Every structure is written in structure tokens, then in C-alpha cells.
Amino acid sequence: MSAELAGEPRRRDDLPLELRDERESLRVTGVWLFLVTDILLFGSLFAGYAVLRTQVASGPTAASLFRLGPVMFETVALLTSSFTMGLAVQAMRAGNRRALVAWMAVTLVLGAVFVGSEARDFALFAARGDTWGRSAFLSAFDILVGTHGAHVTAGIVWALGILVRVGRRGLTPRTARKVYTFALYWHFLDIVWVFIFTVVYLLGKVG
Amino acid sequence: MPGFAVFILHTLFPPDVLRPTEVGADVLIALSGGGIAYLLTTRRLWGRLWHGWITTVDHKRIGVMYLIAALVMLFRAGVDALMLRTDLALPGAHVIGAAQYNAVFTTHGTIMVFFMSMPFIFALMNAVVPLMIGARDVAFPRLNAMSLWLFVAGAMLLNVSFVVGGSPNAGWTAYAPLTELAFNPGPGQNFYFLALLIAGIGTTMTGVNFAVTILRMRAPGMTLLKMPMFVWSALATATLILFAFPPLTVALAMSLFDRLFGSSFFTMGHGGMAMMYVNLFWLFGHPEVYILVLPAFGVFSEVVATFSGKAVFGYRTMVLSIVAIMLLAYGTWVHHFFTMGAGPSVNVFFGLSTMLIAIPTGVKIFNWIFTMWGGHIRMTVAMLYQLAFIPTFVVGGATGVLLAAVPADYQLHNSYFLVAHFHNVLIGGTLFGLLSGLYYWWPKMFGRRLDERQGRVAFWLFFVGFWVTFAPQYLLGFMGMTRRMASYPLGLGWHPLNVVSTVGAFVMGAGFLALVYNIAHSLLHGEVDTTGDPWNGRTLEWALASPAPAYNFARIPVVRARDAFWHMKRDGRTLAALRREDLRDLPMARNSPVPFLMGTAFFVLGFGMVFAWWPIAALGGAGIAACLAASTAEPDDEAVLDSHTVAVIEAAAGRLEA
Amino acid sequence: MKTSRFAISRLRDVPSALAPGRGVPAGAGSSDPYVLWRPAGPVAAGELHLLLLAGLAMAAFIVPVLLLYAYVVARYRDRPGHRAPTLPRWRKNAWLESLGFVLPALLLAVVAVPTVRLTYALAKVPTRPRPLVVDVTSLDWKWLFEYPAQGIATVNYVDIPADRPVLFELTANSPMNTFWVPRLGGMEYTMPGRVLPLWLEADRTGTFWGHSGQFSGLAFDAMFFDVRAVRPGAFRRWVAATRAHSPALTLAGYRSLLHAGLAPAERFAAFPARTFPAVRHGFTLRGGMYTTMRPASPAGHSAS
């Protein structure tokens with residue numbers, strides 16, 4: 001006689017769209033675990049920054065380098081983009097493809113604005129010679145904020161691909177998963193920015 | 001010849017790379033590479049290679065490829081070791097000069113840790129974890145293939161440094177500021193950083209993959225506390241990977257940027273802090289050694305249970321111990337540099353945490369011994385490695401406690417006592433565990449057995465060779481000999497024990513040759529495993545034919561107890577008598593060339609960055625972007641294997657009820 | 001006083017592997033090579049005693065466990081005619097499993113308590129008698145010792161008075177090394193940008209060899225140095241003789257020491273100011289010449 005055999009797994013229909021398919025559901029879990037590694041990555045960069053932030057050598061200190069105006073602007077842009085991404089996911093839950101695409105597009109524009117402002121700041125520093133060859137503080141600042149900015153940029157490129165996919169195939173468990181995991185990633189970057197804003201910029205200016 | 005061609009040739013082939021040993025190796029590599037290509041062409045095997053192996057996403061085949069890589073790397077790093085030991089047995093004779101010695105111990109350590117042990121572990125995990133939990137594949141088959149090819153890209157990059165550009169030479173730990181451009185000019189050290197960065201991405205993907213697989217793809221009824229011990233080890237290893245590799249990535253990237261882009265993280269000037277590198281590296285480094293040893297513990301739990309004919313003793317405390325080790329592993333890293341001025345309080349904290357981690361390990365040792373108590377111990381080769389592991393690892397762990405006694409470490413840090421300690425636990429623990437797993441799961445992977453008598457020869461050579469090599473090194477530590485010395489004066493009394501140690505190393509080398517012979521013999525003439533259960537096993541992988549079919553389980557069984565297969569056999573209800581009407585159509589992941597192409601693109605990127613040839617690096621980067629785009633665009637990555645084909649396969653294995 | 005037989009060839013600018021037949025550090029004269037078992041000072045003695053205690057505690061764990069293990073393997077080995085009763089279902093015992101946690105913990109406590117005590121004790125630099133201060137700078141493949149109170153400097157050897165604590169202040173103008181004199185005590189890192197304290201004391205006269213314990217590049221294995229412990233009177237005379245008769249270390253001389261290469265044992269009547277950092281705490285340093293390090297010529301590094 002054969003062993004007791006399992007039946008086919010059935011997914012409930014009251015689950016969100018991306019969790020109704022087993023494979024897509026696994027991918028959501030996978031992205032959560034990837035975010036764990038990203039937390040560790042940024043954590044290590046923060047640790048490096050915490051140690052090196054006083055090592056200014058002949059270069060500028062945090063207080064003299066940072067201009068809070070553009071930083072507040074970038075913060076508003078990024079936090080708002082997180083909010084609009086939340087609206088996009090809500091639209092997806094309601095099955096509204098047009099609203100989803102619209103809100104995601106707004107999110108990406110705000111993200112691009114964030115990246116543009118940050119790039120301009122970095123260019124300004126570079127023009128003055130405040131590059132990471134100058135001091136360990138600048139190195140640590142550049143790599144922390146730069147890694148975050150690179151993550152945001154990569155996210156924008158990824159999201160553009162998702163928009164194309166949603167445009168072509170509509171809302172399926174697969175495209176819903178793509179949107180949802182992108183939203184997780186985007187909110188995560190937002191949280192990291194809150195830490196950067198506080199620990200790097202505010203404490204740098206004030207501390 | 002045009003000036004820039006001369007420049008390129010000089011950069012690729014500096015004098016470092018043109019010594020007799022390197023040129024000889026180049027010739028060997030060219031000959032064997034050419035030989036393999038010739039064989040593949042005359043037997044028209046390129047197609048099968050491409051479709052069956054290079055583009056596969058089947059975890060079992062990926063496991064085999066990891067294994068091949070691990071064995072080749074074991075050969076390379078083992079030859080490195082023999083070169084080192086020969087040089088140390090003949091100090092002042094310049095068997096190899098200091099420059100080459102430094103490169104050889106660097107590649108020995110780097111390869112053994114990253115490119116031998118880790119792929120060997122991934123080979124075993126890929127080969128059996130899905131089978132043990134009753135799954136048809138891992139959670140992300142194509143990502144699994146990407147992990148493999150990224151590992152290959154990293155390994156190739158490190159190995160190619162031998163041939164072009166010059167090998168890294170700052171030790172497997174690559175401390176700053178020794179790796180700073182001012183003290184380490186030339187491209188050689190860049191190979192180290194880039195190879196590890198690339199392979200590290202692959203490893204992280206493996207961690208995610210197996211964590212999701214184990215957490216979410218177990219057969220119905222298999223709760224966490226019914227999982228086999230090897231699966232628990234795999235889960236703990238995957239979790240440690242997720243937490244350990246990011247700090248390494250940061251440490252390596254910062255060092256690389258210091259060299260390539262003039263940043264100041266760890267430089268001697270501009271406020272750089274080399275100690276930051278040390279902290280970040282060991283924040284990774286200590287969990288890494290537990291990544292290396294926990295799978296071996298898992299193998300031993302399986303092997304001791306099977307060959308004692310008893311369930312593992314104290315399953316719950318075993319699980320608790322694995323979790324405790326996993327958590328504590330992250331809290332001991334400063335013990336790698338007690339002498340770096342952290343102050344008594346910090347040192348005491350980490351000394352105590354290091355001693356603490358010995359406790360769950362001790363629990364496991366006791367439980368393995370009690371597993372054997374009251375059993376019938378069958379002395380197969382797999383079990384011999386387990387039996388050798390216990391005394392070897394106990395001694396190695398005890399010397400670790402000696403090193404954890406902080407003031408004692410002040411004398412023993414970086415001495416040969418330390419070298420003996422970590423080889424003791426890595427060989428006695430990790431290598432013996434991997435070899436035990438190899439002998440144990442070989443039939444499941446290849447459908448044939450490894451000859452037991454030949455295996456015993458290899459075992460004894462390894463075991464005796466190990467002790468002859470490393471016992472003297474404990475004594476050398478007490479004589480004050482420091483590690484990584486290319487040569488030493490003769491008046492210090494270090495010579496005789498160095499000679500003994502070298503003899504032992506060659507005995508271990510003979511053991512490796514015996515192992516290779518054993519493997520070749522098995523593949524060509526080995527006894528075929530007809531039942532799928534050659535050892536009277538207890539866990540689900542033995543419920544399948546050997547080797548397992550592509551889809552693993554035609555039907556997934558319901559699990560009611562720990563040691564699921566043992567209970568199935570006891571009830572007389574196994575998977576060897578499925579009925580035709582039980583079979584279903586099975587969705588299978590399709591093969592894909594993207595992982596291989598991605599690995600190639602990463603290699604190109606890495607190679608370009610090593611030499612700071614940005615157009616080549618950009619080409620690699622573009623390739624990566626293209627592969628990413630392609631992989632998100634692939635809509636049809638699944639195909640259906642119809643039930644009729646499944647029936648044919650099951651019937652051919654004699655598992656279909658007539 | 002023993003004269004040093006420690007003589008390395010003069011190789012200043014071209015780093016190369018050790019020449020065969022180079023000299024042996026003087027402290028290696030004795031027939032017993034086990035330097036860790038022959039402490040010549042209180043620090044080394046304390047560390048050795050802890051090592052022995054820990055070794056005994058571990059032996060107390062290893063021996064019974066391995067005996068039990070050997071018994072189990074011998075008794076339950078599967079042989080024809082095997083008569084030992086089997087216990088196929090014996091898989092847990094709360095008492096035994098708890099013992100598995102408790103016993104190792106107790107043994108470790110035996111090691112842990114003295115470890116904590118000695119670690120804190122060693123961190124306190126003794127104040128009486130007043131320690132002699134020696135500023136140590138590890139360089140590429142040589143050691144520079146400066147005596148701030150006496151105003152003299154040496155390369156590759158130090159004279160210290162016996163029965164008096166010596167505070168070595170350690171830094172590097174090179175990749176990291178460690179300063180290690182096995183018979184006097186454990187080591188401590190020398191790192192550029194930081195100064196770390198290490199106190200040692202010799203309780204007898206004699207010559208003790210030291211070596212770097214952290215790999216630092218091509219001629220790392222040549223970084224031996226001698227520590228000569230002498231009577232206080234002899235030490236004073238040595239200082240006076242150095243001040244009177246030896247050349248001074250000029251800035252140019254210091255800079256040439258920074259070049260990668262080996263150096264013979266030497267002594268100097270004076271050394272340039274600010275070659276050793278003035279501030280000693282944490283990560284902030286003023287002074288020192290860390291950024292004047294010149295890299296070795298590329299030709300030097302590819303010599304084999």
C-alpha cells in the first residue's frame with residue numbers, strides 16, 4: 001500500500017491577489033527576507049558612519065557641510081512618495097488599475113525629484129573638492145547616503161518595468177505581487193531615509 | 001608592438017605571475033581545459049551540457065555542480081597547503097619566496113573558506129533538503145541557479161588571479177591598511193574583494209532561497225519540530241547567511257573603494273580607521289564559521305541516527321542548541337582581536353560570550369553519544385567520519401575555550417596554537433562532516449555507492465594525516481611561532497615540529513588522492529543502488545529512487561511523525577507502490593540560460609573592475625542589467641510534466657503498482 | 001650583559017625575502033624552545049597560570065567525555081554475536097539533557113571567574129615603582145623605540161631595567177603589527193592612528209626575543225627584536241653612554257626608516273620631536289607623522 005498522500009493545496013479567495021497563487025506568495029516571503037539583508041547592509045553602513053563621522057581630517061565637519069534646506073525638501077518628497085505608493089496599493093486592492101498606475105507614476109516622479117536633488121548636492125560638494133578622498137567622514141557619508149540614493153534609483157527603474165507590465169497584462173497575482181513587493185521595498189527605503197535624516201543630518205547639524 | 005598592447009600585457013602578466021609554478025599551472029590548466037573541450041566535441045556532448053547542466057534549474061543538478069566545484073577547489077587549496085608546508089619544512093631554502101608564500105597562504109585560506117567549504121555545504125543542502133521536507137524543488141529554482149553561477153564567477157575570478165594580474169596577498173582576512181594601495185600596489189588584491197563580493201551575492205540569494213523553502217514548502221504534517229536535524233541546520237545556516245554577509249559586503253566594498261576610487265575609510269591618512277574594517281569583517285567572520293560548522297552538525301545528527309538504528313537523542317534540546325548557537329554566533333566577534341585595545345570590559349564580555357557558545361555545542365556532543373547508546377553502530381565510512389569528528393572536535397572546541405580566556409589569548413593570538421585550533425574545528429568539524437555527508441548521500445545523488453573499503457583508506461589517511469599535521473602546531477604555538485611567517489630562523493627550535501607537520505600534510509594529500517580514486521571508481525564501476533534506501537534510512541529522501549527523478553515526489557506524502565520514512569516503513573506504506581490513478585500532472589520550472597549569462601556578466605564586470613578598465617566593467621554591468629530585465633520578462637518559466645510521463649518514469653524505477 | 005647576536009643585513013630600500021643564514025634573535029640561546037612555559041615576568045606568569053587552569057578544566061571535561069564515548073562505541077558496535085541490549089526507542093531524558101547544559105556551564109565558570117579577574121588586573125598599569133615609558137612605533141619591517149623621558153631611541157632592540165614595570169605605548173606608521181615578547185607577556189596591536197598601552201615587566205635579567213604577531217607584508221617574518229632586561233644601574237649607564245656617544249636620529253634618518261626594508265639594531269642619542277603622537281586617548285590624535293609615509297617603489301614589491 002502506498003503512504004498517505006497529500007491533496008493539492010488550495011488557496012483561499014479572500015486572500016489579497018498576490019497571495020492567491022502559491023508561487024507568488026513564496027516570492028513575497030522571499031522579498032521580506034531580502035529586506036532583512038538590506039537592513040543589515042544599511043545597519044553596517046550606519047555603524048561605519050557612527051564611527052567615522054568625527055574623522056574630518058582637513059575637510060569639512062558635518063555641521064559645516066550640511067544644508068538643511070535641500071534635505072528637508074528631499075525628505076518631504078520621499079515621504080510623500082511613500083504615501084502615494086500606499087494609495088497605489090490601495091487602488092490595486094480595489095481592482096482599480098488606472099488609479100494604481102497613476103499613483104505609482106506620481107511616486108516615481110517624487111522619487112526622481114528626490115534623487116535629482118541629492119545628486120545636485122553631491123555635485124556641489126564634488127565641485128568644492130569635498131569628495132571622499134578628503135576625509136573618512138566624507139567617505140562614510142557618501143557611501144551611506146549614496147547607497148540609499150542608488151537603492152532609490154534602482155527602485156525607480158524597477159518600478160518603470162512594473163508599470164509596463166501592469167499596462168500590458170493588467171492585474172494578475174503576478175503583477176500584483178510585483179507591485180506589492182515594490183511597495184515593501186519603497187517603504188523600507190523611506191524608513192531608512194528617516195534614520196539618515198535624523199542620525200546623519202539633524203544630529204550632524206546640532207550635535 | 002603598439003605601446004598600449006605592451007602596457008596591457010604587462011598589467012595582465014606582471015613578474016609575480018611568471019614564476020615557474022604559475023607557468024607550470026598555466027600549462028596544466030590549458031591542457032586539461034583543452035582536453036575536456038576535445039572530449040565534449042568528439043562525443044557531441046555540448047548540447048547535453050547546455051540543456052542538462054548549464055541551463056538547469058533542478059536543485060539536484062545544481063548540487064552536483066557545486067560538488068564538482070568544491071572538489072576542484074579542495075585540490076587547488078590543498079596543493080597550496082602542500083606548498084606552504086614544504087616551504088616551512090625547509091626554512092631558508094627558498095622553496096617559494098616570501099612574496100609567493102604570502103599569495104599562497106592567502107589563496108589557501110580564501111579558497112578553503114569561501115570556495116571549497118561553502119559550495120560543498122550548498123551541494124549537500126541542494127541535494128537533499130527539498131527531498132527531506134517532501135518538496136518538489138526549492139522556492140526559487142532560477143534564483144538557485146543564479147547563486148551557483150555567481151559563485152562560479154567569483155571562484156573563477158579568484159583563481160584567474162593566479163594566471164593574470166597577480167594573486168591577493170594580504171591573508172584571507174585582508175586587514176587594512178595592508179590592503180591599502182600604498183602598501184599593496186597592483187591589481188592582485190582587487191581580485192580578492194571582487195571575487196568575494198560577487199560570490200557573496202550568490203550566497204545571500206541561497207540563504208533567502210533555503211529559508212523560504214524550509215519555512216514554507218514542507219510536506220503537510222511536517223511541523224517545524226518534525227523536521228530532520230539536517231533541515232534545522234540548513235535553516236539556521238540560511239538565517240546566519242542573511243545576517244552575516246551584509247557586513248562583509250560593506251567591509252569589502254569600503255576596502256575596494258579605498259583602492260579603486262581613492263576614498264578614505266581605512267586608509268592611514270585622512271582620518272581612516274583600519275580597526276573599523278576589522279570589526280566589520282569579524283562581524284561577518286564569526287557567524288561565517290558557524291555557517292561552516294552547523295551543516296556538519298546536521299549531517300552528523302542524520303548519520304549517527306541512521307547508523308545507530310535509533311532516533312537522535314534529545315531532539316528538542318538539539319534544536320534548542322542549534323538556535324542558541326545561531327543567536328550567540330552574532331555576539332562573539334571581538335574574540336578575534338582581544339589584543340586590539342578594546343578595554344577589559346569589552347574583552348570580558350566577548351570572552352564570556354565565547355565560552356557561553358561552547359555550552360550548546362557540548363550538549364550536542366552528549367546527545368550524539370547518547371544516540372549511540374543502546375543502538376547497533378554500523379561502521380560505514382560515513383559513520384567513521386562521525387566517530388572521528390567527536391574526539392577531534394571536542395579537542396578543537398576545548399582549545400577554543402582556552403583562547404576565550406582573554407589573557408591567555410594575549411599570548412596565543414595569531415600563533416600556531418590558533419592555526420591548530422581553527423584547523424582542528426574546521427577539518428574535524430566541517431570537512432569531516434562534509435565527507436560524511438558525501439558518503440552518506442552519494443547513492444541518492446548518483447545512484448551508485450562509494451566503495452566502502454576505498455573509503456576507509458581515504459578516511460584513515462585524512463584522520464591520521466590531520467593529527468600528524470596539527471598536533472605539532474599546538475606545540476609550535478607554545479614555542480612562540482606566529483602564523484603567516486614565510487620563513488623562520490633555525491635557532492628557535494621550531495624546525496623539527498615543522499617537519500613533522502609537513503609529513504602529516506602530505507599524508508592528508510594522499511587521502512585526497514584516495515578520495516578522488518574512490519569517486520572515479522564509483523562513477524565508472526560503482527555498485528548500483530537499486531532500492532533507493534541503501535542504509536535503511538529514517539528520513540524522506542530515502543523514500544525515493546536513487547537518483548531521485550527530476551520532480552522528486554510524484555505525490556507528496558503526508559507526514560505524521562519525526563523520522564517520517566522510518567514510520568512509513570514500519571507501517572508498510574511507502575512511496576514505492578503508487579497507483580496509476582494517484583499520479584497527477586506536475587508543474588516544473590523551465591530551464592533558463594539567464595543564470596549562466598548573469599554569472600558571465602558578473603565575471604566580466606569583476607574582471608574589468610580589477611584592472612580599472614571601465615569599458616569592460618560597463619559591458620559587464622550592461623550584461624547584468626540585460627539579464628535582470630530578461631528574467632523579469634520571462635513569462636513562461638513553468639512547464640507541465642504530464643502524468644503519463646510521470647507514470648513511465650515511476651514504472652521504470654519499479655515504483656508503480658502493477 | 002649578553003651581547004646581541006641579532007644582526008640583519010642592511011637592506012634599506014629593496015624589500016626582499018630573508019637571506020639564508022641570517023642571524024638568530026639572541027634570546028633564543030636557551031635549549032628549551034617553549035617560551036610560553038618559561039615566563040620571565042609577572043604578566044607572562046599570570047597568563048600562563050590562567051592557561052594552565054583553563055587547560056585543566058578542559059581536560060576535566062574532555063577525558064570523561066571521551067572515555068564515555070569510547071565505551072559506547074566499543075559496547076554498541078554492531079558485530080556478529082552482539083549481545084548488548086538495545087534501546088531502540090530511548091530518545092530523551094530530561095535529567096540527562098539538563099545535565100548536558102549544566103556540567104559544561106559549571107566547568108566554564110571555573111575558567112570564567114579567573115579570566116575576568118586577570119583581564120581587569122592586567123588592564124591596570126602599575127604605578128609603583130613608576131613605570132619606564134617606551135614609545136613603540138612599528139614600521140615596515142623594523143621597530144623604532146623611543147624613550148621620551150631619557151630622550152634616546154633604538155631600532156630593533158630595547159634595554160629595560162629588570163624588576164620595574166615598563167609601559168610600552170604602541171603605534172604604527174605602517175600596516176598593523178603586534179608587539180609581542182612571549183617570555184614577558186602577551187601582545188597588543190600597533191595600529192596607525194591609535195596609541196595602545198601595554199605594560200610588561202621582567203623579574204630577572206636576560207635577553208628575550210620579540211616578534212610581530214600580525215602579518216604585515218613582504219618581510220613580516222623578519223620583524224624580530226630583542227628585549228634586554230638589565231640591572232637598574234646598568235640601564236642608567238647604558239642610557240648615559242647612548243646619549244654621550246651615539247649619533248642622533250635626524251628627520252632624514254627617520255624618513256629613511258619609513259622606507260620599506262630591513263634595518264640593523266641601532267641606538268640613537270636623540271630623536272626628532274613629534275615622531276610619536278602627543279594625545280593618547282580615543283581616536284583623536286595630534287602630531288605623529290602618519291601621512292608622511294611614502295610607498296615603496298613598485299620594483300621592490302615584485303622581488304621574489
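Reply: Start with contact: two residues are in contact if their C-beta atoms, placed from the backbone, lie within 7 Å. Chain A and chain C do not touch, and their nearest C-alpha atoms are 8 Å apart. This is a predicted model, in which local features need pLDDT of at least 70 and side-chain atom pairs count only at pLDDT 80 or more, while totals for chains, interfaces and linings use all residues. Residues are numbered from 1 along each chain as its sequence is written, and chains are lettered from A and ligands numbered from 1 in the order in which they are written.

Me: Which chains have the most contacts between them?

Reply: Two pairs of chains touch, and the most contacts are between chains B and C. There, 88 residues of chain C are in contact with 89 residues of chain B. The chain C side divides into 57 nonpolar, 21 polar and 10 charged residues. For these classes, Ala, Val, Leu, Ile, Met, Phe, Trp, Tyr, Cys and Pro count as nonpolar, Asp, Glu, Lys and Arg as charged, and the others, Gly among them, as polar.

Me: In what order do the six strands of the open sheet in chain C run?

Reply: Strands are DSSP runs of E, at least two residues, and helices are runs of H or I, at least four, numbered from the N terminus. Two strands pair if DSSP finds at least two bridges between them. In chain C the order is β8-β5-β1-β2-β3-β11, with mixed pairing. The edge strands, β8 (196–200) and β11 (266–268), each pair on one side only. Strand β3 (residues 152–155) of chain C pairs with β11(C) in the antiparallel sense over three bridges, and C:Val155 stands opposite C:Glu266 in β11(C).

Me: How does the domain assignment divide chain B?

Reply: Domain bounds come from an automatic or database domain assignment. For chain B it gives domain 1 (1–44) and domain 2 (45–592 + 637–652). Their C-alpha centres lie 30 Å apart, and the contact takes 14 residues from each of these two domains. On the side of domain 1 of chain B that touches domain 2, α1 (3–12) and α2 (20–42) of chain B each supply at least two residues. The largest share of that side, five residues, comes from α2(B). By class, that side of domain 1 of chain B has six nonpolar, two polar and six charged residues.

Me: What does B:Val231 touch?

Reply: Not counting residues up to four places away in sequence, B:Val231 touches B:Val129, B:Met132, B:Ile133 and B:Ile214.
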